[in-house]
Amino acid sequence: MRKEIPQSEIEKQLALCAKMKAEATGARYALVDTYGCQQNEEDSEKLRGYLAAAGYEMTTDEYLADVIIMNTCAVREHAEQRVFGNLGALTHTKKAKPDQLIAVCGCMAKQPEVVDKIKRSFPLVSLVFGPDELWRFPELLQTALSHKKRVFEPGSGDGCVAEGVPHLRTDTVKAWLTVMNGCNNFCTYCIVPYTRDRERSRRPEEILAEAKSLAAAGYKDITLLGQNVNSYGRDLGGETDFASLLRAVCAIDGDFIVRFMTSHPKDATEALFAAMRDCQKCEKHLHLPLQSGSDRILKAMNRHYDSEKYLAQVDKLREYVPDVVLTTDIIVGFPGETEEDFEETLKLIERVRYDAMFTFLYSPRPGTKAAAMEDTATHEEKQERFDRLVETQNRISEEKHRAYVGKTERVLFDGKDKEPGILTSRTLGGRLVRVEAPETMIGSFAEVKITDCNTWALRGELA
Ligand code: SAH
Ligand code: SF4
Ligand code: F3S
């Protein structure tokens with residue numbers, strides 16, 4: 001299952017990039033468009049890393065681009081529809097620039113029915129490759145470009161671990177750092193285990209080396225990524241676990257914050273909570289996806305915890321880190337969810353009082369167990385529950401934000417707000433604070449007095 005790609009193979013890919021660069025006549029441009037989660041964002045940085053090594057300059061102009069790559073997400077139907085819609089729109093650019101190469105990769109590219117659909121209905125796409133083929137993207141690109149034939153490589157099903165693929169990071173403050181890939185959990189609604197294969201962890205020494213180089217390069221906010229970071233290391237013979245990794249990353253010299261996601265509630269440990277408490281650099285935030293507050297639904301989702309176990313985790317975490325910021329994901333309208341089940345969810349939310357929540361309407365994913373389950377609620381019923389959930393959470397979020405007003409928080413400035421003169425920043429708990437400050441402060445920490453808030457953000461002034 002765990003397929004380690006030899007370094008010599010990556011070097012071959014890099015040599016191919018160098019050759020493409022040397023043979024190029026004139027400037028060439030590439031556009032990488034990303035859908036989906038942070039893991040996909042990080043994969044896009046690798047695609048750009050390879051493209052830059054092959055001599056491409058990055059652009060956001062689809063008429064200028066010689067190569068367009070759509071790095072796709074399959075987690076909900078809506079994400080897929082967006083990709084198909086945007087692909088359709090590329091007919092115009094392809095007509096204006098017939099040599100343009102259009103590629104589709106990421107999670108959609110791993111699904112047989114999607115690959116078939118692209119083959120049949122989107123002749124403008126000439127390269128399709130799954131997430132586990134990314135390490136050999138230069139070779140696939142060259143084949144598609146030079147042989148003028150369509151290339152389809154969804155992947156064999158072996159999850160690979162590839163080190164040494166270059167990144168091109170555009171952000172200068174925040175960096176993603178993948179610690180593991182894949183998922184073993186098979187939550188019955190979820191496509192990820194099918195598109196990303198089984199869990200495999202990167203070796204701690206590789207992760208630490210990358211974290212050190214990010215810190216040395218001046219990154220101030222490093223996020224450790226995995227679909228379920230709490231099972232980190234299980235495939236490495238049990239010599240390490242996520243709590244130890246987190247401690248080791250936090251022990252690296254420098255002034256930066258370490259964030260991580262995602263934690264599956266079935267695997268969150270006291271050792272993790274202790275590391276969160278002890279490590280000064282570690283964010284005081286846990287994203288702990290609940291999905292549903294109904295034990296019956298949690299069982300049907302194959303989540304391996306019930307509401308009691310979940311609440312016990314939250315209480316334990318709050319013993320260790322009293323002011324911890326808690327966020328979650330909720331799915332509304334899972335097959336068979338009744339009004340009573342939904343009320344259990346509302347009850348749990350009132351009990352936990354999350355700082356923020358991501359809410360999703362259940363979207364059936366072909367090939368998953370839940371897609372074959374009987375769905376009884378109507379779309380209107382689901383939408384009505386969804387609205388009630390959002391309303392409940394908005395009230396709680398605002399109440400929690402209100403409690404910050406008057407306090408002073410240390411924040412990291414990470415970018416410009418839409419409003420002129422205002423910067424965005426994050427607290428150690430990850431809450432967004434909008435502050436009037438000079439652009440030169442992006443990338444630095446400062447004490448900020450919180451003056452106002454709304455549901456989504458805090459407002460502050462330099463203290
Ligand atoms: N590995 C992470 C994230 C998975 S995807 C985790 O386990 O938390 C992010 C979120 O999308 C999930 O937490 C879930 O709430 C939502 N999601 C996944 N599949 C979905 C589906 N079929 N329909 C609606 N929401 C879904
Ligand atoms: Fe999907 Fe569950 Fe794995 Fe998260 S833990 S990626 S929700 S199967
Ligand atoms: Fe989407 Fe794949 Fe991430 S399905 S959420 S891009 S792992």
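How many cavities of 30 Å³ or more does the count come to? One, in this predicted model. Hi everyone, let's start there and then look at the cores and the ligand.

Around it you'll find Asn40, Asp43, Asn71, Cys105, Gly106, Phe129, Gly130, Pro131, Leu134 and Arg196. Two elements each give two or more residues to this lining, namely α2 (38-53) and β5 (101-106). If you like to think in residue classes, the lining splits into four nonpolar, four polar and two charged residues.

In general, nonpolar side chains in soluble globular proteins tend to be buried together. Here, the largest nonpolar core has 68 residues, and Leu224, Leu246, Phe260 and Met276 make the most contacts inside it. Helix α8, residues 242-250, supplies the largest share of that core, with six residues. There is also a second, separate core of 28 residues, and Ile5, Leu16, Val67 and Ala103 are among them.

Let me stay with Met276 for a moment. Which residues does Met276 contact, once we leave aside its neighbours within four places in sequence? Leu246 and Phe260 are on the list, along with Cys282, Glu283, Lys284, His285, Leu286, Leu317, Val321 and Val324.

Last stop, ligand 2. Its surroundings include three cysteines, Cys183, Cys187 and Cys190. By class, that makes seven nonpolar residues, three polar and one charged.

Conventions
Residues numbered from 1 in each chain as written. Chains lettered and ligands numbered in written order. Predicted model: local features only at pLDDT ≥ 70, side-chain atom pairs only at ≥ 80, totals over all residues. Heavy atoms only, no water. Near = heavy atom within 4 Å. Nonpolar A, V, L, I, M, F, W, Y, C, P; charged D, E, K, R; others polar. Core = buried A, V, L, I, M, F, W, Y, C linked by side-chain atoms within 4.5 Å. Buried < 20%, exposed > 50% of the residue type's maximum accessible area, 1.4 Å probe, protein only. Helix = DSSP H or I, 4+ residues; strand = E, 2+ residues; numbered from the N terminus. Contact = heavy atoms within 4.5 Å. 1 Å grid on protein atoms, 1.4 Å probe; cavity = no way out; pocket = protein on both sides within 12 Å on 5 of 7 lines; lining within 4 Å. Points joined across faces, edges and corners; volume = space filled by probe spheres on them.
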